[in-house]
Each structure stands twice: as structure tokens, then as C-alpha cells.
Amino acid sequence: MHPSPALPSSAFDTTLPRLNGLPISPEHPVEIDEGRRPLGDALRAWKVKVAATALWVLVALAGAGGLRALVWAPSPAAGTAPTAVPAAIAGFAEMYVAAYLEAGAGQEQSLRPYYPGPVDLHDVVPASRYAARTAAVASSEPSPGYWAVTVGAEVLVAAQGGYVRAGTHFYRVGVMSATGPLVATSLPAEVPAPTPTSVPQLRLGHLAPPSRDASRPAVQQFFDAYLAGRGEPGAGLRAVTPPPFTSVAVTGIAMSPSSQSGVQTMQAEVVGSDAGGLKTVLDYSFQLAERNGAWVVTSLLPAAPLRQVTR
């Protein structure tokens, strides 16, 4: 490794080219007319010219590379998920939409904590609408710190004797977070529902009526314990308490082939009945393993497993 070149003295002319970090002193100027100089001096002059030219070529190439990096900046990788809206901004948008639906003429001040701009609600009747619940369902970030949040609201409208359901409505609001406290940039705008997407390919395929194999009693026994409080669900598994159902029926099963370790990944459709006879259809994914000659549920999966896609 070569030592770092010495810095030039302030006594030297800094406008002259440098070779290998060594300044060219004005006391020893470079003569370009080699015909009037000794051969050694001429060769040294040519070396200076070649080195200076090479240096400027390298500078130009480096500049071109930097320009190319700016112009042809790599695009984000395909399939990169958009940034999720922060929870605080989503909650702010939800509360703003709820306040907006309930407000009416003469109550514009109730919106000022969210939107401090001028508001005139004209002939809107106060409390004529009410948000039973709200949830942020989509978002985008048009610019850093500025979010467009779509809020779904289950709207109730005033009717004789109370409120009646008016369906789910969707409102988009702009929320600025980059300039300090959160603030909306306008009144909400009603928009269509987000476009539904297709269901991803699942690993286990379609549910089918349970077969009469050795694993079926183990699955039924697990859900009796897990949802109806009849027995224990198994080591490391905790039942739902208090039990939401008095009886449980497994109505559908999908399973993967057994692995070499004897573990199966399964999906089950379960119908629970409560004390009043009301039924609920649920879906669970779990792992089943053979222990000492018997099948047992060893773990519940957080979601239905996806099929692995080969690229």
C-alpha cells in the first residue's frame, strides 16, 4: 500500500495540475517546446501531459457514472409491498370520519381538532348519521409524510324511534404528519369500496367432508376441548375461555400428505352451536402429529398456509 500523497504547500500555485499528489512548482515550469529542452526534460513534460489527460478522463468517467446513477436509478424491486400507514394516522382518520358523520350545521367546531380549515355544513342535520364503527382499509403516501387514508364506516341513519343501518360507506381523507401534529387537509370524500382481490393459492386445497381415518377422532376431540370446554386441548395449547359453544362439529377437512416425521398440516371447517342454538362457522389451520401410536393436535397455525410458488 502506498503512503498518502503529501498535501501541496500554500506557496504553490493551486491552479496548476498535480501528478500523484505532488504539485508543480512555478519555480520549475514545464516547457512544452521539447525542441529547446534536453531529452530528459522533454520526456518529463510528456509524462505530465499524459498524467494530466488521464486524470481528467477519470474525472469525466466518474462524473458520467454519477450522472448515470441519477438518471437510471434502480427502480424498486417488483412486488415490493407499499409502506403501511402508521397506526396513529389510521386512528386519526377513523376518528375524523366518525366526527364528520355525526356533525351538522352549527357544529362545525367539532371538526376543528381534525381539520382547522373553514367548514360550512350548510343544511346538514346534526346527529342525522352515526358511525357504528370505522376502520382504515386502504392507504397511500402521495408524498413523504402526507397520507391518503380510506376509511370504511358502518353508517346508521336517524329514523323514527332510533337508528337504522345504512350500509358500509367509504371515505378518503388526506392526513399530513410531516409538519407537526396530525391534521386533515380537507373534508372527507366518499369513494367506492376498495376493489376486492383474488384469494391466494393455499397449500391444502379444498375442504372435503371428514373421512373416517384415524385422525378424525383426534381433530374432533381437540375442538370439543378448545371451543366447548370438554376436556383439555393438549400440551402447550390453551382453550378459549369461557367456552363460546356448547357443541362443536367438524364439517370439512383438508390435509397435506404426512411428512417423514409423521406431521400433517391440516385445515378444518368447524360449526359451533351456543346455548341459544345460534351457529357460527369457523376455520382453523393446525398441525397434527402421531405420538405413541395416537394422533394429537400439536399446534394451531396463525393463518391458512400458502402454496409455495416456484420462480
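Student: Strand S3 (residues 129–143) and strand S4 (residues 146–159) run antiparallel and are joined by eleven bridges. What makes two strands a pair?

Tutor: Strands pair if DSSP finds at least two bridges between them. S3 and S4 have eleven bridges, so they count as a pair. Within it, Ala136 stands opposite Val151 in S4. The hairpin has two residues between the strands, and Gly145 there takes a positive phi near 80 degrees.

Student: What kind of model is this, and how are residues numbered?

Tutor: This is a predicted model, in which local features need pLDDT of at least 70 and side-chain atom pairs count only at pLDDT 80 or more, while totals for chains, interfaces and linings use all residues. Residues are numbered from 1 along each chain as its sequence is written, and side-chain values use heavy atoms, with hydrogens and water left out.

Student: How many helices and strands are there, and what counts as one?

Tutor: The chain has three helices and eleven strands. Both are DSSP runs numbered from the N terminus: helices are H or I with at least four residues, strands are E with at least two.

Student: Why is Arg291 called partly exposed?

Tutor: Buried means under 20% relative accessible area and exposed over 50%, with partly exposed in between (1.4 Å probe, protein chains only). Arg291 has 44%, so it is partly exposed. This residue is found in strand S10 (residues 279–291). Across the whole chain, buried residues make up 27% of the 311 residues.

Student: Which residues does Arg291 touch, not counting those up to four places away in sequence?

Tutor: Val296 and Thr298. A contact means heavy atoms within 4.5 Å.

Student: What makes a space a cavity, and how many of 30 Å³ or more are there?

Tutor: On a 1 Å grid over the protein atoms alone, a cavity is a set of points where a 1.4 Å probe fits but cannot get out. The structure holds one of 30 Å³ or more. The largest cavity has about 70 Å³ of space, a volume being the space filled by probe spheres set on the points, which are joined across faces, edges and corners.

Student: Which residues line the largest cavity?

Tutor: Lining residues have an atom within 4 Å of a point; among them are Arg216, Val219, Ile253 and Met266. Helix H3 (216–228) and strand S8 (247–255) each supply at least two residues of this lining.

Technical notes
On a 1 Å grid over the protein atoms alone, a cavity is a set of points where a 1.4 Å probe fits but cannot get out, and a pocket is an open set with protein on both sides within 12 Å along at least five of seven lines; lining residues have an atom within 4 Å of a point.
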